[in-house]
Amino acid sequence: MKTALFFRNFNEIEFSKLEKGSCVFIGNEGCIYKLPCKDELQQLKKSDETIEIHLITPLVSQTNLQLAKDRIDELISSKLIASITFNDYGLFYYTADNHKDSGVKYYLGRLLTKSFSECPWSDHLNRNEDEHVQKYMNGFVMNDPRKIKLFQDMGVTGVHLSVNKKNIAGLNEISERGLDIIVHLDTIIGAASRICSQAQYHDVKYPDCKEKCEQPAVLKLSRLWSLKEDGYIEPSEEVKQVVPQYIVAGNITYYRNPDYNFLIDRSDSIKYGIVDYTFNRPQFNR
Amino acid sequence: MKVKAPVISLESAEKMLGAGAGEIYLGASFGAFKNISYSARGNSNSYNPQITIDESELKETIQLAHDNNAQVSFLSNLPQFSLPSSERSRIEQNYIDYIQIGINCGIDNVVIADIGQYLLLREHNIDIPCYASVYLATINAEQVRFLKNLGFKRVTLEYHMLTDEIREICLVEGIDIEVFANFGGTFLNGRCSLYHNMGESLDLGFPCKSKYDVITESSVEQDYSFYDSNLYCSLCSIGKLYEMGVSTLKITGREIPIKVTEDIVRTYSKCVTYLEDQMDYMTARNLAFSECKEFWSKWCSKKRCKYMKSKVTNSYL
């Protein structure tokens, strides 16, 4: 397993602190405005020619589709990037169709490869199901030979996964089918939205939201909105135990992967183990 | 434009069809699960002990819909479809059986949440029209083209769209576009793992409506509805959606009382009928609104309008 750093914002990268030949993933699963541009990547490459640059692209609304396509065209032709990770089928479809044999690897991101076990309370939802159904629910959506073939035929060579003890069997199978496995060691994605809750919270719009977004918010559940009671209630002790503390960066809600150490012990089938730079800053120390 | 209504029983089908639904959608209780179902909900919820239906009720419901010239969409939109290989064939056969029983009962199309499910049906030469569920999180025209080229006949767009975006997406030829009329959470359905209404016995609430202590670098704010961006109604936008060629207006409501859903279906159906009668947008909207004024005033006063400029839509990425 090669360790890679994940930077959501290009501005977060401290060139002087990167080791020679570092591997960096830049971008974001949710926000188009965090896609780096060619000039920024040239700057990074200039600081160290051996640096390995990987791009993470977000879900893309129709409003921002042309912006995303133009950026992809520009970055692929720049020959600066080793891979592109897609979290949107539409942007992937465009790229696969227009940039065959680009020399850039195509990966599917965590928004497209998720597993039911990423739900923090999946054990509760699965509680009465038969064992084989529980296994089924805990697999990744990529545990499907037909789908793997479809995407391999379109040029996909790897997948990003949020891995935990419950879905590890699925990881092994995907790896055996020849896809590179990129695992995010620190975090699991709880939810993604088109609404940027952080921008809304601070009542700012792009580009003013950038500054706020570099400082993720931490959320602790205080009051549940209950459909049954048609209002807010105190969460029960059991609920308090299964609902984690969320970390919100822009429109993506993450939580800490409780199985971090388990993953480190199983690094053989993992090509890249991604460490989240933002959430490892002092204020987010585990 | 058809209004598509949720159905959880034969009785609810009678009410939705009576309220003017041109299409209904439902899930069946047979399948591999106990609490969960292939319909992306649990088999029960807070208001209804059973929201999926058995084979004989399914047959009767479909017959009733067809007698009323309405189509039946069969839900197989559970967000996952995956299994490590050792036991895959067992669950895949269960899924095929689920769809096949639906076909034998007379369903008109299948709503699918995952590309793997679609490929499996085609591998088994099951040639029923397939519609791409909201769980595929479609928010741009390229994804619509991708799904069309795979063979999907209709795509349901995500809850969070703008009318200009829908207009551009409707220009993709050869595939129908469905949009939501009401409700919806803050997160993208297909990209949210904070599941609820999935057969839980704990009251997990709605994570995107719940309150949180919000800790930022500079402040701690207690009991704050951080995610609460739910948009309730699109009645003022129906004229535009109608004009741009949206094929189906989907009403949600399997988790609320049937009477509420029935009123919602009736109002939207009337609005569409008035538009079909060449009425202008606002007259059609106002007339539909006035026929159920007390009910709609409650929603309207909240100013949680779908598809229109607001603090929520301003924060769309």
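Reader: In what order do the 8 strands of chain B close into a barrel?

Author: As a general idea, strands of a sheet pair through backbone hydrogen bonds, either parallel or antiparallel. In chain B, the barrel closes in the order β1-β2-β3-β4-β5-β6-β7-β11, with parallel pairing. The twist from one strand to the next averages 30°; axes here are lines fitted to C-alpha atoms, for helices over the stretch in contact, and angles run from 0 to 180 degrees between N-to-C directions. Strands (E, at least two residues) and helices (H or I, at least four) are DSSP runs numbered from the N terminus, and two strands pair if DSSP finds at least two bridges between them.

The model is predicted: local features need pLDDT of at least 70, side-chain atom pairs count only at pLDDT 80 or more, and totals for chains, interfaces and linings use all residues. Residues are numbered from 1 along each chain as its sequence is written, chains are lettered from A and ligands numbered from 1 in the order in which they are written, and side-chain values use heavy atoms, with hydrogens and water left out.

Reader: How many bridges join strand β1 to strand β2 of chain B?

Author: Strand β1 (residues 2–6) and strand β2 (residues 23–26) of chain B run parallel and are joined by 3 bridges. Within this pairing, K4(B) stands opposite E23(B) of β2(B). On to the next strand, β2(B) and β3(B) pair in the parallel sense over 4 bridges, and Y25(B) has S73(B) in β3(B) as its bridge partner.

Reader: How many residues of strand β3 of chain B are buried?

Author: Buried means under 20% relative accessible area, exposed means over 50%, and partly exposed lies in between (1.4 Å probe, protein chains only). Strand β3 (residues 71–76) of chain B is mostly covered, with 5 of its 6 residues buried.

Reader: How many salt bridges does the count give over all chains?

Author: Side chains of opposite charge can pair when their charged atoms come close. The rule requires a side-chain nitrogen of Lys or Arg within 4 Å of a carboxyl oxygen of Asp or Glu. The count comes to 34 salt bridges over all chains. A network of them links K2(B), K4(B), E23(B), R154(B) and E178(B).

Reader: Where do K270(B) and E291(B) lie in chain B?

Author: K270(B) is in helix α8 (residues 258–276), and E291(B) is in the loop between α9 (281–290) and α10 (293–300), 21 residues apart. The closest N and O atoms of this salt bridge are 2.6 Å apart. Both residues are partly exposed, K270(B) at 29% and E291(B) at 39%.

Reader: Which residues are in contact with N167(A)?

Author: Contact means heavy atoms within 4.5 Å. Leaving aside neighbours within four places in sequence, N167(A) is in contact with S115(A), S117(A), N138(A), F140(A) and S162(A). N167(A) lies in the loop between β6 (156–161) and α7 (168–176) of chain A and is buried, at 0% relative accessible area.

A polar contact is a pair of N or O atoms within 3.5 Å; within protein, one must be able to donate a hydrogen and the other to accept it, and residues adjacent in sequence count only if both atoms are side-chain atoms. One such contact, of 3.1 Å, joins the side chains of N167(A) and S117(A). The backbone oxygen of S162(A) lies 3.2 Å from a polar atom of the N167(A) side chain.
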